[in-house]
Amino acid sequence: MKYLGKLDKALNLIVEWVYWVLQKNERLAVAILAVVVLFLLYYRIFKCGKLTFQAPNTKMAKFILSRCPQITQKTYYPTFYLFTGHFQTLAYGILRHFKRSKFGLEYDREIVDLEDGGIISLDYPINSKLDEAMTNQTPIIVMIPGLTGGRHDIYIATCIYEAFKYGYKIVLLNHRGGSGTPIKSPMLYCGESILDLHAGLLKIKEKYPNNKLFGLGFSLGANIFVNYMVDMKKEHLLSGYVGICNPFDFLTIDHLLPSVLYGAYHRTLGKHMIRKLQEHKEGLRGIEKKVGMTIEEGMKKVKTSRDFDNIFTSKVFPYKTASNYYRLASCVTRVPDLEVPSLFMNNLDDPVVQKFVIPYYECEANNKSILATFPNGGHIGYFTGLKPRQWMQEP
């Protein structure tokens, strides 16, 4: 609350200063008014908008629109001072730390043992009323967060509370090392960690054999879901899927990121990977032989996400280089083969997954998938209101 109080004081000071200027200098007042009017026009015309289907005439798009007409009727009004994708993405990075203890969610955790001795975890948000009312007809939404995400993140909590309104059961799947899940074997996870995902879904099916499972993936998690559904063919366990800010094409993103804000995102992702490796390094000592150096030596060489994937990911998994990993793990080549009803939601101002990366034609060629875009929202931002709150769950 103290941060909101400071924000209110700052806004009051700005209003008082503008009022003083208006009294002292009429020309300056007119200039300020003109700038404000132009900004508001720019904001309303270019930054506010509805979810747009890129191929509205496909069979799947018509089906969704007939069942859920509200999905394209709600207008997204981004927080006016977060009017670019960079600002939205930065706001997410800041607010995820300030708000992580304010969600009021509690979880039951279940550990899933993997064949190599490692583990993943399943977090079940507790809602006693919904748990008591659950039947074998209750849909179960399985969430996978992005690379830096977990159950502490605002977008996870936002979507959980929205799903509760409709009576859905939620399960959050945490990969190796995610959300406090310890690493028990010398293995990481990556964009092709589909066997770990399958093990988690099998465990859920053991508890709820008759309930349908639906995937909800964010960023890297969205990519993993697509790889899973296509590569597992008829063995996959999902009845539907929604992907938010799916990266689609790792290699193209890797080529573009160094030029975005002078490589700030590239370096930030690299730092996150190093923090995660530092947290679990004792459990990962077994990878040192594959990597050809100690974990500490490797960490010193990592400056960007590509460095991490060259030194660690491509050695721990059967890839030759980081580029080889990016080509094979990108879901863009699998999108045309999707046989599960799927909705992709991406933002045209996303500084990480830029609009050049979005596979418009691949999605249009698949009658089971829909691609929808917002003009604004950044990378998993979607903030709206003067005191920012996330909006992406509302459509």
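A search of the whole structure finds 16 salt bridges. A salt bridge here is a side-chain nitrogen of Lys or Arg within 4 Å of a carboxyl oxygen of Asp or Glu. Side chains of opposite charge can pair when their charged atoms come close.

This is a predicted model, in which local features need pLDDT of at least 70, side-chain atom pairs count only at pLDDT 80 or more, and totals for chains, interfaces and linings use all residues. Residues are numbered from 1 along each chain as its sequence is written, and side-chain values use heavy atoms, with hydrogens and water left out.

**Charged pairs**

| Pair | N to O distance |
|---|---|
| Lys169 and Asp131 | 3.0 Å |
| Glu162 and Lys165 | 3.3 Å |
| Arg306 and Asp254 | 2.6 Å |

Arg306 is in helix H13 (residues 305-316) and Asp254 in helix H9 (residues 250-256), so this pair ties together parts that are 52 residues apart in sequence. Helices (H or I, at least four residues) and strands (E, at least two) are DSSP runs, numbered from the N terminus.

Lys169 and Asp131 meet in a salt bridge. Their pair links distant parts of the chain: Lys169 is in strand S7 (residues 169-174), and Asp131 is in helix H5 (residues 128-133).

Glu162 and Lys165 both lie in helix H6 (residues 154-165). They are 3 residues apart, about one turn of the helix.

Which of these residues are buried? Buried means under 20% relative accessible area, exposed over 50%, and partly exposed in between (1.4 Å probe, protein chains only). Lys169 is buried at 9%. Glu162 is buried at 13%. Asp254 is buried at 7%. Asp131 is partly exposed at 35%, and Lys165 is exposed at 65%.

Salt bridges also form a network, which links Lys281, Glu282, Arg285, Glu288 and Glu296.

**The sheet**

Strands of a sheet pair through backbone hydrogen bonds, either parallel or antiparallel. Here 9 strands form an open sheet with mixed pairing, in the order S2-S11-S10-S9-S8-S6-S7-S5-S4. Two strands pair if DSSP finds at least two bridges between them. The edge strands, S2 (52-53) and S4 (107-113), each pair on one side only. S4 runs antiparallel to strand S5 (residues 119-125), and 7 bridges join them. Tyr107 stands opposite Pro125 in S5.

**A residue in helix H4**

Phe87 is in helix H4 (residues 85-98). Its relative accessible area is 35%, so Phe87 is partly exposed. Leaving out residues up to four places away in sequence, Phe87 touches Tyr81 and Leu82. Contact means heavy atoms within 4.5 Å.
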